[in-house]
Amino acid sequence: MAARPKISIIGAGNVGASVAQYAVERELGDVVLVDVVEGIPQGKALDLAQAGPVHGYDSHLVGSNGYDETADSDVVVITAGLARKPGMTRDDLLFKNAEIVGSVVDQVVKRSKNAILILVTNPLDAMVQLAWRKSGFPAERVLGMAGVLDSARFRTFIARELDVSVENVTAFVLGGHGDTMVPLPRYSTVAGIPITDLLPADRIQALVTRTANGGAEIVSFLKTGSAYYAPAASTVEMVEAILKDKKKILPCAAYLNGQYGVKGLYVGVPVKLGRKGVEQIIEIKLQTDEQAAFDKSAAAVRELVDKLKL
Ligand code: TXD
């Protein structure tokens, strides 16, 4: 085994390159960047390697248009695909990205049979389900990033509203990544105090709505692409939890087999992340309205998964 863990990142665009940057800045492992565009992964890998002497990391970086360099990866992050443009929904991306993610997964699993796959490409929950089916991997080794990002957005807005450190704020977001995501204010806290004790209901609702539209808000500013710093930071938190076997509880798209009343579907729930991947699904008792919102979110995911005949 190589001295350092190997992290492969497929798609060297905005999110992929930022995942590479944050991962090497934390020295989580060596990084392989793969993209179909000639020169981009090679150029970004070399550029990031040359930041190493300044930032003080020894992680190796290599860029490629092929997959041989990814062999025996510990973690593979898949960001390949198209990003949203203004006016596009995440679902518009469904068929195009299904084709891309399907071919990426085939290439990856041939060479890294024991890897943990983290999907980032949208529409997220459907892409994870596709990757799980295509890979033939056990469900605990295939998961998706969305909840960490959605809760980071909620945490940012809560901290700004109350003028407190973001570090004091935890937030709880369930459900699929999309307009039907389910933030849970009663489990969202500032230094342990539920925000329901700190803010009036209408302010909480405003923050919840802004969180659910958090991706679109950034797209409307950037115009030519979607968010990438916070998505990449969120992905790297998951990579770190896995590679360091932290057993960290994070909201991720995970395969439900009866939990929360959902069977055979990837949806966002809190999980325990460690070296084996999803080591436990954390189930909490939802109130009636929360369960209804969760069911609605799962139904939206199911609809996409059905369109892909998965
Ligand atoms: O919360 C989340 N899960 C998300 C998801 C948060 C942010 C972004 N989210 C989605 O990630 C977004 O909707 C896209 O579907 C992906 C990647 O977003 P990014 O902003 O990084 O898009 P870019 O910059 O367009 O990068 C995509 C790269 C680009 O360089 C393409 O050339 C490459 O993917 N690409 C491929 N690489 C390898 N193999 C194939 N087949 C391929 N096709 C495109």
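The legends below describe close-up views of a predicted model.

View 1. The protein is divided into domain 1, residues 6-144, and domain 2, residues 147-307. Their centres, taken over C-alpha atoms, are separated by 21 Å. Domain 1 gives 37 residues to the contact, and domain 2 gives 42 residues.

**View 2. Packing of helices α6 and α7.** Helix α6 spans 147-162 and helix α7 spans 201-212. The two pack at an angle of about 140°. Their axes lie 9 Å apart. The crossing of α6 and α7 is right-handed. On α6, the contact is made by D150, R153, F154, F157, I158 and E161. On α7, the contact residues are R203, L207, V208, R210 and T211. By class, five residues of this contact are nonpolar, one is polar and five are charged.

**View 3. The buried face of helix α8.** Helix α8 runs over residues 214-222. G214, G215 and V219 of this helix are buried. Seen down the axis of α8, the buried residues fall within an arc of 135°, so they line one face of the helix. The cover over these residues includes α6 and α7. Just after α8, K223 takes a positive phi of about 65°.

**View 4. T156 on helix α6.** T156 lies in helix α6. Its relative accessible area is 30%, so T156 counts as partly exposed. T156 and G66 are 90 residues apart along the chain. Their C-alpha atoms are separated by 38 Å.

**View 5. A cis peptide bond at P123.** Most peptide bonds are trans. The bond joining N122 and P123 is cis, with omega about -5°. P123 sits in the loop between β5 (116-119) and α5 (124-135).

**View 6. Positive phi at D163.** Most residues other than glycine have a negative phi. D163 has a positive phi, near 50°. This residue is found in the loop between α6 and β7 (169-170). Is D163 buried or exposed? With a relative accessible area of 71%, above the 50% cut-off, D163 is exposed.

**View 7. Positive phi at K247.** K247 is a residue other than glycine with a positive phi, near 55°. K247 is placed in the loop between α9 (229-243) and β12 (248-257). Its relative accessibility is 36%, so K247 counts as partly exposed.

Methods: Residues are numbered from 1 along each chain as its sequence is written. This is a predicted model: local features need pLDDT of at least 70, side-chain atom pairs count only at pLDDT 80 or more; totals for chains, interfaces and linings use all residues. Side-chain values use heavy atoms; hydrogens and water are left out. Buried means under 20% relative accessible area, exposed over 50%, partly exposed in between (1.4 Å probe, protein chains only). Helices (H or I, at least four residues) and strands (E, at least two) are DSSP runs, numbered from the N terminus. The arc is that of the directions from the helix axis to the C-beta atoms. Contact means heavy atoms within 4.5 Å. Axes are lines fitted to C-alpha atoms, for helices over the stretch in contact, and angles run from 0 to 180 degrees between N-to-C directions. A crossing is left-handed if the near helix is turned anticlockwise from the far one by less than a right angle, and right-handed if clockwise. Ala, Val, Leu, Ile, Met, Phe, Trp, Tyr, Cys and Pro count as nonpolar, Asp, Glu, Lys and Arg as charged, and the others, Gly among them, as polar. Domain bounds come from an automatic or database domain assignment.
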